[in-house]
Amino acid sequence: MSVSDELTSVQRCLDDLCRSVGRLEQQLGNGGLDIRRVRTDADHLRESLALLREAAAAPAAPRRPDLVTIPDTPYDTTLWTDSDDEGLGARGRHAP
């Protein structure tokens, strides 16, 4: 089976599950914690399957990160005014 066929099969099973949970809610009432948990889990499965469908439909080509161009021109020296050299301290100052 293809991925699309498998996803369709899972969708049908999930629809059956949601219908069954709905019938259980009608019989047991929807106020109980257990039935709410089952409903929430079924809804999460629906959301997960939708995400899986989107991922399967997306092209399989790896996404390259955006390239950043770094200019060859030198930096402005005023950017480094009053900066400390790591491990050496500020320029022009001497250790005691």
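**Entry 1: the end of α1**

I started where helix α1 stops: Gly-29 follows α1, and its phi is positive, near 85°. A friendly reminder to myself before going on: this is a predicted model.

**Entry 2: the whole chain**

Next I stepped back to see what the protein chain is built from. I found two helices and two strands, and along the sequence they come in the pattern α-α-β-β. I then looked up burial. The chain has 96 residues, and 10% of them count as buried. I also looked at contacts between residues at least 6 apart in sequence, and 56% of these join residues at least 24 apart.

How many residues does α1 have, and how far does α1 reach? I noted 26 residues and a reach of 37 Å from the first C-alpha to the last, which is close to the 38 Å expected at 1.5 Å a residue. For α2 I wrote down 25 residues and 36 Å between the first and last C-alpha, close to the expected 36 Å.

**Entry 3: how α1 and α2 meet**

For a packed pair, I looked up what describes the arrangement: the angle between the two helix axes and the distance between those axes. Here α1 covers residues 3-28 and α2 covers residues 33-57. Their axes come within 10 Å and cross at roughly 165°. Are α1 and α2 roughly parallel or roughly antiparallel? An angle over 145 degrees counts as roughly antiparallel, so α1 and α2 are roughly antiparallel to each other. I also checked the hand, and α1 passes α2 in a left-handed crossing. Sorted by class, the contact of α1 with α2 has 15 nonpolar, three polar and five charged residues.

**Entry 4: what is buried in the pair**

Which residues of α1 are buried? My list reads Leu-7, Leu-14, Cys-18, Val-21, Gly-22 and Glu-25. I looked for what lies over them, and the cover includes α2. In α2 the buried residues are Ile-35, Ala-42 and Leu-49, and the buried residues of α2 pack against α1.

I picked Ala-56, which sits in helix α2. Its relative accessibility is 44%. Buried would need under 20% and exposed over 50%, so Ala-56 counts as partly exposed. Which residues does Ala-56 touch, leaving aside neighbours within four places in sequence? The answer is Val-3 and Leu-7.

**Entry 5: Val-3**

Is Val-3 buried or exposed? Val-3 has a relative accessible area of 56%, and the cut-off for exposed is over 50%, so I put Val-3 down as exposed. I also looked up Val-3 with Arg-53: the two are 50 residues apart in sequence, while their C-alpha atoms are 9.3 Å apart in space.

Key: Residues numbered from 1 in each chain as written. Predicted model: local features only at pLDDT ≥ 70, side-chain atom pairs only at ≥ 80, totals over all residues. Heavy atoms only, no water. Axes fitted to C-alpha atoms, helices over the stretch in contact; angles between N-to-C directions. Helix = DSSP H or I, 4+ residues; strand = E, 2+ residues; numbered from the N terminus. Parallel < 35°, antiparallel > 145°, perpendicular 65-115°, else oblique. Left-handed = near helix turned anticlockwise from the far one by under 90°. Nonpolar A, V, L, I, M, F, W, Y, C, P; charged D, E, K, R; others polar. Expected span 1.5 Å × (residues − 1). Buried < 20%, exposed > 50% of the residue type's maximum accessible area, 1.4 Å probe, protein only. Contact = heavy atoms within 4.5 Å.
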